Amino acid sequence: MSRSKRKIDHIRHALGHERAPYNHFDDVNIVHQSLARLDFNQITLKAQAGELNLSSPLFVNAMTGGGGEKTREINRDLAVAAKETGIGMAVGSQMSAIKRPEERSTYEIVREMNPDGVVFANVGSEASLQQAVEAVDMIDANALQIHINTLQELIMPEGDRDFSSRMSNIQAIVEGMDRPVIIKEVGYGMSMETAQTLYDIGVRYIDVGGRGGTNFSRVENLRREKPLSSFNNWGIPTPASILEVKSSQTMHVFASGGIRHGLDGAKAAVLGASGFGMAGSLLKVLMEEGREALIEEINHVHQEFKMAMMLLNASSPEELHQKPHVLTGETRTWQEQRITK
Ligand code: FNR
């Protein structure tokens, strides 16, 4: 099977696997406020995350690394939709294009299609500072995402096994990079201990990439002769992970992992997230219904997010932080045993 065919199969598996029936955002109950005081048409989606100015808290999260005409087309369409709707976009891992210059156009098209938009570069934690700078330069990125995906690698038969230099790699990149560096999970969530360790080496931006949406244990297990299925439910659910990371140091937090709509995005903001990423669900709309449908979907997510802002009298996404809410179910247990103990 060719490399690009394998990539497309991987995407299909990532989009096609069954989602968990229980989404932990259902545990986050925002307290309705009857007395509205804002004009819906005056509400701004402009958001600030540390040094990053965003025209919306929503961004397309990292997907579709590697070469091939199909992945380039997907990136082009995601970039056009991001431009049309004024949202940010992270590209998929650029590690393969750093090693194979002929794959660079898969990523460069994102900046070509959206010259003034917010774009995030993406590398793995095996990257050196020089490779990270190359990834950023390739698309003139506004920020860099470094993904950490230990469990995914361990399930992949050909995955990495030696993680002993990952911390020092991350530190070197954070110290040497001239723009924000976001450390990102890929669906297993980030704990307060991880956040503290990252804070100590200079990290100020985290994308929690929690459990609840695209599940790489399931995806990679499909390729194993003897699946390691006991790890299919491993990881910290996204709302719990936001609470974990926000519980101590002042990290700028992006929420992602299983965000289904604008209301989940608003709940993430109530828990303290400055922005939220959607990956699998947006790619599914693009691949099944096309670019116009994706633009419509993003506008729909914006509408839902603004409705939540209106109902809570929040005139900017930041004003959603700490609005009255009640936690139930597993998220409440998580909060009682990990956050307020
Ligand atoms: C991903 N994701 C991902 N993340 C990353 O940092 N680098 C990457 O190259 C990829 N590649 C990738 C491909 C595909 C097809 C999917 C669906 C996802 C992970 C993604 O950014 C996100 O963290 C997770 O998918 C969880 O978010 P959703 O899908 O539940 O919204």
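A residue counts as near a molecule if its C-beta atom, placed from the backbone, lies within 6 Å of it. In this predicted model, 27 residues surround the ligand. Elsewhere, 95 residues make up the largest nonpolar core. Helix α8 covers residues 192–200.

**Around the ligand**

- The closest residues to the ligand are His147, Gly213, Thr214, Ala279 and Gly280.
- Three elements each supply at least two residues of the shell: α1 (3–16), β7 (143–148) and α12 (280–289).
- Helix α12 gives the most, with 3 residues.
- By type, the shell holds 17 polar residues, 9 nonpolar ones and 1 charged one.

**The largest nonpolar core**

- Met89, Leu144 and Ile206 touch the most other members of this core.
- Helix α13 (residues 291–311) gives the most to the core, with 6 residues.
- Leu144 has contacts beyond four places away in sequence, including Phe120, Val123, Ala132, Met177 and Ile182.
- Arg179 is also one of the residues that Leu144 touches.

**Helix α8 and its two sides**

- Thr194, Ala195 and Leu198 of α8 are buried.
- These residues cover an arc of only 100° around the axis, so they sit on the same side of α8.
- The other side of α8 carries Glu193 and Asp200, which are exposed.
- The buried residues of α8 pack against two strands, β8 (181–185) and β9 (205–207), and against helix α10 (238–246).

How values were computed. Residues numbered from 1 in each chain as written. Predicted model: local features only at pLDDT ≥ 70, side-chain atom pairs only at ≥ 80, totals over all residues. Helix = DSSP H or I, 4+ residues; strand = E, 2+ residues; numbered from the N terminus. Nonpolar A, V, L, I, M, F, W, Y, C, P; charged D, E, K, R; others polar. Core = buried A, V, L, I, M, F, W, Y, C linked by C-beta atoms within 7 Å. Buried ≥ 20, exposed ≤ 12 C-beta atoms within 10 Å, placed from the backbone. Contact = placed C-beta atoms within 7 Å. Arc of directions from axis to C-beta.
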